[in-house]
Amino acid sequence: MSVQLLANVLIGVALVGFLGYRQTTWQYLDPARIWRTPMIMAVVGVVVLAQTSATVTTTDVVFLGIEALITIGVGLTMGTITRFRTVATPDRTGRTIQSRTGWLGASLWIVLIVVRIGLDVLGGHLGAHLLTSTGTILLVLALNRAARALVIDQRIPRGDRGDRGDRGDRGDRAPGGRTTRGMMVR
């Protein structure tokens, strides 16, 4: 096992472990933050991939596509199983809504790791070496977080989006009568 592969595995496991822990604890919900994290991971992933000298093969594209579909499916599921609660005492920024996915969400992270490792091993034997790149790992995690954010953003409970502003209807109605939640318009 190469030093880079070992470093990639350790970085991936640490990040997924951290995110798995956060799934089981109640966290204050910030609609902007749920989008910020996948954007940052995606930008860093693209920059790291741009610095990679590996050539992209058809096998790489096929395995990346399979992995993207699986990670998006897991992210959508995580967003769907997310639970919300309103707390009486707001945090320092005035947020009162908290969310978590619980042990099922943490279990989905384990499934994602197992699938990722399996695809890496199989892809490596078939010549898909781009899968083990740090940039690819970050992009896959960004896809997962973005899929989760898309669902959560639409499910944020009405009446309190977790922000402090007093806007009358609190932003639940957009021009034209569309309902809004989070940062996306329904």
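**Reading salt bridges, helices and surface patches**

Val62, Ile66 and Ile70 together make up a nonpolar patch on the surface, with about 210 Å² of accessible area. The dialogue below concerns a predicted model.

Me: Where in the structure is Ile70 found, and is Ile70 buried, partly exposed or exposed?

Reply: Ile70 belongs to helix 3. Its relative accessibility is 31%, so Ile70 counts as partly exposed.

Me: Which residues of helix 3 are buried, and what do they pack against?

Reply: The buried residues of helix 3 are Asp60, Phe63, Glu67, Ala68, Thr71, Val74, Gly75, Met78, Gly79 and Ile81. They pack against strand 2, strand 3, helix 4 and helix 5 (134-155).

Me: How many residues does helix 3 have, and what span should they give?

Reply: Helix 3 has 24 residues, which at 1.5 Å a residue should span 34 Å. The C-alpha atoms at its ends are 35 Å apart, in agreement with that value.

Me: Why does the pair of Arg116 and Glu67 tie together separate parts of the sequence?

Reply: Arg116 lies in helix 4 (residues 102-126) and Glu67 in helix 3 (residues 58-81), so the pair ties together parts that are 49 residues apart in sequence. Both Arg116 and Glu67 are buried.

Me: Which residues are linked in a network of salt bridges?

Reply: The network links Asp30, Asp91 and Arg95. Arg95 meets Asp91 at 2.6 Å, N to O. Arg95 also forms a salt bridge with Asp30, where the closest N and O atoms are 3.8 Å apart. Arg95 lies in the loop between strand 2 (83-86) and strand 3 (97-100), and Asp30 in the loop between strand 1 (27-28) and helix 2 (31-50), so this pair ties together parts 65 residues apart in sequence.

Me: Which residues is Leu112 in contact with, leaving aside its neighbours within four places in sequence?

Reply: Leu112 is in contact with Thr71, Val74 and Asn144. Leu112 is found in helix 4 and counts as buried, at 8% relative accessibility. Leu112 and Glu67 are 45 residues apart in sequence, while their C-alpha atoms are 9.3 Å apart in space.

Me: Where does Thr55 lie, and how far apart are Thr55 and Ala128 in sequence and in space?

Reply: Thr55 lies in the loop between helix 2 and helix 3. Its relative accessibility of 62% means that Thr55 counts as exposed. Thr55 and Ala128 are separated by 73 residues in sequence and by 9.8 Å in space, C-alpha to C-alpha.

Definitions and conventions
Residues are numbered from 1 along each chain as its sequence is written. This is a predicted model: local features need pLDDT of at least 70, side-chain atom pairs count only at pLDDT 80 or more; totals for chains, interfaces and linings use all residues. Side-chain values use heavy atoms; hydrogens and water are left out. A salt bridge is a side-chain nitrogen of Lys or Arg within 4 Å of a carboxyl oxygen of Asp or Glu. Helices (H or I, at least four residues) and strands (E, at least two) are DSSP runs, numbered from the N terminus. Buried means under 20% relative accessible area, exposed over 50%, partly exposed in between (1.4 Å probe, protein chains only). The expected span of a helix is 1.5 Å times one less than its number of residues. Contact means heavy atoms within 4.5 Å. Patches are made of residues with over 30% relative accessible area and no salt bridge: like charges are joined within 9 Å, nonpolar side chains (Val, Leu, Ile, Met, Phe, Trp, Tyr) within 5 Å. Accessible areas come from the Shrake-Rupley method with a 1.4 Å probe; for residues, only the protein chains shown count as cover.
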